[in-house]
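Here are my notes for your first look at this one. Keep the viewer open as you read, and go point by point.

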Amino acid sequence: MKAEDIWAMLEDVTDPEVPVLTVVDLGVVRDVQFVSKDHWKIIITPTYTGCPAMQVIEEDIKARLAKENITVDVELVLSPAWTTDWLSQDGRRKLEEYGITPPQDEGDKSVLFGKKPVIPCPLCKSKNTRLISQFGSTACKAHYQCNDCQEPFDYFKCLK
Amino acid sequence: MTKQEALFEFLLRKADDSLILGHRLSEWCGHGPILEEDIALTNISLDLIGQATELYKYAAEVEDKGRTEDDLAFLRIEREYKNVLLVEQLNGDFGKTIVRQFFFDHFEHLLYEGLMNSKDERISAIATKTIKEVKYHLRHSSEWIIRLGDGTEESHDRVQASVKDLSRFINELFYQDEVEEILIKEGIIPDVKEFRVAFENNIEKILEEATLKLPEEKWQLTGGRKGVHSEHLGYLLAELQYMQRTYPGMEW
Ligand SMILES: [Zn+2]
C-alpha cells in the first residue's frame, strides 16, 4: 500500500454539504502519512472554524478506509489556514456544472466597500448578477441572483 | 501570576466572548426579519462557536487539569465566565443586534490582525483562520449600519437609540489587567491601546455615513472580565447549559 493508493481511496469521500466535491478536490486533505502496516495518519484542515461538516468528513474517511481494512488517525490542523486557492481545477469545473459558481478572483482586498466582484451566473454565464446575501446555505457560500435568466444561485465564496 | 495562568485566562476571556455572542445570535434562528438575515446571523453564530471551540481546546491544554473544551463551555458557573458585557446584552430588535455586532466586529478585526503575529504559534494559527471569517462579519454589520442609519426615519431612530445604549460597553473591549500585561511583554498578544484610535476612526467613519452619532455621554460599564455580569448572562447560561446539567456527560 502506497500513499497514492490512500489518496485514490480518499477520492471516494465527498463533502457532505457539496456532494459533487471530494475532500481531495476541496483541499481539505493536507497530507497522508504512513504509520505502520495498514495504519495511516490523515491530516485534514477545516474550511471554516465552525464547519459542522468536519466531523462527518472524519467519520467518512475512517469508514472508507475501513473497507480496505485500514485504520487511520485523523488529525485536524488549523495552520496553514485553508484557502479557496486549494480548490482543484477539477473541483472548480465540477462545482460550476453542479450550479455553484466557483470562487472568482475578487481582486480588491479592501475589507469594506471595495469594488464589487463580478460573479457570473453558472447557468446562462451572464455577468449581470447581483448579491442577495454574503451568507448562503452553508458557511462557504454566498447567495446571488442572475439579472438575465433570473435564476438564484450559490457562489462558493473566495476565502484568502 | 505565571505566564501559563495568564495565557489560560486570556484564552478563556476570548473564548467566552465568542461563545456567548455565538449563543445570542443563535437565538435569531427562525426569527430573522428576512430569510437571508436569518441565515446570515446563524452563519456568523456558527463561526463564533467554531472560534470558541478552538480557543477552549487550547485553554484546556494550557490549564492541563484534565478539563475538556466542553467542560469549559458548559460546566462553569456565571462568575467564572469572563466575557465582556457587550456580548451578553439582549438581541433587542434587528438593529440592536447589528449595532452590538458592529462594535464587536471592528474590535475583533483589529485584535485578530495583531494576534496573527503572536509569538505563540497556536494563537497565531487560530488568528490567521479567524481573521478571514471576521472580515465577512465586519462587512455585513457595517453595511447594515449604513442601510439602517441612513434608511427610514423609524430605522434611523431605532438604530441611533441602540448606538447610544450599547456604546456604554465599548471601553470594556479594551480592558487590560495583569493578564494582558504579562502576555504583551511576552509578545503573545498585541497591546490594544495601540489601536484604540484606529478603532474609533473606523467606526466613526461608518457611523457618519449612516448619519448616526456616538453619544457625548461617556459613562461606561465594566465587570465582565472579572466575572461580574449583567442579569442577562444567568438566563443565557441556564439555556446554554440545560442539556449538560440535566443529563451530565451526554454526547450527541
Ligand atoms: Zn443566468
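1. A word to have ready: a residue is called buried when its relative accessible area is under 20%, exposed when it is over 50%, and partly exposed in between, using a 1.4 Å probe and the protein chains only. By that rule Cys121(A) is buried, because its relative accessibility is 1%. Cys124(A) comes out as partly exposed, because its value is 36%.

2. Some housekeeping before we go on. You're looking at a predicted model, where local features need pLDDT of at least 70, side-chain atom pairs count only at pLDDT 80 or more, and totals for chains, interfaces and linings use all residues. Residues are numbered from 1 along each chain as its sequence is written, chains are lettered from A and ligands numbered from 1 in the order in which they are written, and side-chain values use heavy atoms, with hydrogens and water left out.

3. Now the metal. Which residues coordinate the zinc ion? Look for the SG atoms of Cys121(A), Cys124(A), Cys146(A) and Cys149(A), at 2.3 to 2.4 Å. Donors here are N, O and S atoms within 2.8 Å of the metal (3.2 Å for Na, K and Ca), and water is not among the atoms, so sites may look incomplete. Along the sequence, the donor residues follow the spacing C-x2-C-x21-C-x2-C.

4. The zinc site is tetrahedral, with angles of 104 to 114° among the four donor atoms. For reference, the ideal angle for four tetrahedral donors is 109.5 degrees.

5. Still in chain A, find the open sheet of four strands, ordered 4-7-6-5 with mixed pairing. Strand 4 (100-101) and strand 5 (129-133) stand at the edges with a single partner strand each, so one side of each has no neighbour in the sheet. Strand 6 (residues 141-146) and strand 7 (residues 152-156) of chain A pair in the antiparallel sense over five bridges. Two strands pair if DSSP finds at least two bridges between them. Helices (H or I, at least four residues) and strands (E, at least two) are DSSP runs, numbered from the N terminus.

6. On to the rings: over all chains there are 11 aromatic pairs. One of them is Phe107(B) with Phe195(B), a tilted pair at 6.2 Å centre to centre and 55° between the planes. Phe107(B) belongs to helix 5 (residues 94-115) of chain B and Phe195(B) to the loop between helix 9 (178-185) and helix 10 (196-209), so this pair ties together parts 88 residues apart in sequence. Phe174(B) and Phe199(B) make an edge-to-face pair, 5.2 Å centre to centre with 75° between the planes. The rule: rings of Phe, Tyr and Trp (its six-membered ring) pair if their centres lie within 6.5 Å, and planes under 30 degrees apart are stacked, over 60 edge-to-face, and the rest tilted.

7. Buried or exposed, what is Phe199(B)? Phe199(B) is buried, with a relative accessible area of 0%. Phe195(B) is buried too, at 10%.

8. Last stop, Leu21(B), in helix 1 (residues 3-26) of chain B. Leu21(B) is buried, at 0% relative accessibility. Leaving out residues up to four places away in sequence, Leu21(B) touches Leu48(B), Val87(B), Arg100(B), Gln101(B) and Phe104(B), where contact means heavy atoms within 4.5 Å.

Technical notes: Tetrahedral: all angles 85-135°; square planar, octahedral: opposite > 155°, others 65-115°.
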